[in-house]
Amino acid sequence: MILTAKPVVEALLPGLTAQTQQFIAARRRAPHLVVILMGNDPASVIYTTRKAQAAETVGFSRETLAFDATLPREKLFSVISDLNARADVDGILVQRPLPPHLDAFEISTWIEPEKDVDCFHPDNVGRLMLGRARLVPCTPAGIFLLMNHYGLSVAGKRVAVIGRSPIVGGPLAVLCNQANATVVQIHRKTIAPAQVCKEADFVFSAAGKAGLVTTDWIKPGAVVVDVGINRNPVTGRLCGDVDFDAVRGVASAITPVPGGIGPMTIHALLENTLQAATLRA
């Protein structure tokens, strides 16, 4: 089974749009999302455009604030401070990757936790770890929305999470644990990673390395979720971490790249924004 995002988003959008209209009727304004873009990285420009379009689709108001990559740290702090103070702003997102002179962790601490729709602020990370999340990081949240749609549950299953970044791998492992899975995280220091991974019923790969996961890593019948976004070094085409053509013959279900987790991440961002708006209201 190919776990594509399109039918999932199509099933979820009407409900989210209806909830947005209820919010607008009650509060006499739309949920408002602000995306900050630093520089003109082509991929980042595409992602911010898609996020803006998705926000408009469900009835949000939105702003995209584009700045030169050389914008001083102090200027960005001032911009975010102003957005924190604005009563009409519900969600603030700073598009990554950032220019070298900016520290992603520091910037995450500048955004008010209640408006941190990416869920990178230490307060939100701590709440997630404690099982008291107000918001959930967008990509892990999107993964669970996808699995729920296809009737897949990690409860009682062995799960391998490849990668341990604070954006995907780390919070995803926490959420799987909270969903009653038995979780192992595979990283660059893991001994015999393919052997460890092959014991898993669910494999989530967020390593950022094209072609890393081959059939030797996958137990027959396992569910494989590919979170990686890479360029094929030979063809230049977008691809994931998983050798899709080979692994699809071994796995019982697998996500494609593109068309898998990417759209789910954007949808989860919209749900976070509405949740943030509702909590603030």
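**Entry 1: surroundings of L83**

I looked up the contacts of L83, leaving out residues up to four places away in sequence, and found V34, I36, L65, V89, I92 and K115. Contact here means heavy atoms within 4.5 Å. The model is a predicted one, in which local features need pLDDT of at least 70 and side-chain atom pairs count only at pLDDT 80 or more, while totals for chains, interfaces and linings use all residues. Residues are numbered from 1 along each chain as its sequence is written, and side-chain values use heavy atoms, with hydrogens and water left out.

I placed L83 in helix α3, residues 73-85. Helices (H or I, at least four residues) and strands (E, at least two) are DSSP runs, numbered from the N terminus. L83 counts as buried because its relative accessibility is 4%. The classes are buried under 20% relative accessible area, exposed over 50%, and partly exposed in between, with a 1.4 Å probe and protein chains only. I also noted the separation of L83 from N148: 65 residues in sequence, and 34 Å in space from C-alpha to C-alpha.

**Entry 2: the sheet β2-β1-β3**

I traced an open sheet of three strands in the order β2-β1-β3, with parallel pairing. Because β2 (61-67) and β3 (91-94) are the edge strands, each with a single partner strand, one side of each has no neighbour in the sheet. From one strand to the next the twist averages 15°. Two strands pair if DSSP finds at least two bridges between them. Between β1 (residues 32-38) and β2 I found seven bridges, and M38 stands opposite F67 of β2.

I then checked which helices cover the sheet. Helix α3 packs on the sheet and touches β1, β2 and β3, its direction making about 175° with that of β1. Helix α2 lies across β1, β2 and β3 and runs at about 170° to β1. Axes are lines fitted to C-alpha atoms, for helices over the stretch in contact, and angles run from 0 to 180 degrees between N-to-C directions.

**Entry 3: α10 and its two partners**

I compared the packing of helix α10 (residues 261-280) with α2 (residues 42-57) first: their axes come within 10 Å and cross at roughly 50°. The two helices are therefore oblique to each other. Angles under 35 degrees count as roughly parallel, over 145 as roughly antiparallel, 65 to 115 as roughly perpendicular, and the rest as oblique. The crossing of α2 with α10 is right-handed. The contributing residues are R50, K51, A54 and A55 from α2 and I266, L269 and L270 from α10. By class I recorded five nonpolar, no polar and two charged residues in the contact of α2 with α10.

For α1 (residues 6-27) against α10, I noted an angle of about 20° and axes 11 Å apart. These helices are therefore roughly parallel to each other. The crossing of α1 with α10 is left-handed. A crossing is left-handed if the near helix is turned anticlockwise from the far one by less than a right angle, and right-handed if clockwise. On the α1 side, V8, V9, L12, L13, L16, Q19, T20 and F23 make the contact; on the α10 side, P263, M264, H267, L270, E271, L274, A277 and T278. The residues of this contact divide into 11 nonpolar, four polar and one charged. Ala, Val, Leu, Ile, Met, Phe, Trp, Tyr, Cys and Pro count as nonpolar, Asp, Glu, Lys and Arg as charged, and the others, Gly among them, as polar.

**Entry 4: strand β6**

In strand β6 (residues 202-205), I found F202 and F204 pointing one way and V203 and S205 the other, all of them buried. Strand β6 runs parallel to β4 (residues 158-162), joined by four bridges, and parallel to β7 (residues 223-226), again joined by four bridges. F204 stands opposite V161, and its bridge partner in β7 is V225.

I looked up S205 separately: it is buried, with a relative accessible area of 0%. Apart from neighbours within four places in sequence, S205 is in contact with I162, V213, V225, D226, V227, G228, D241 and V242.

**Entry 5: helix α7**

I found helix α7 (residues 169-178) mostly covered, with seven of its 10 residues buried. The buried residues are G169, P171, L172, A173, V174, L175 and C176. They pack against α5 (122-129), α6 (138-149), β4, β5 (182-186) and β6. After α7 comes N180, whose phi is positive, near 75°.
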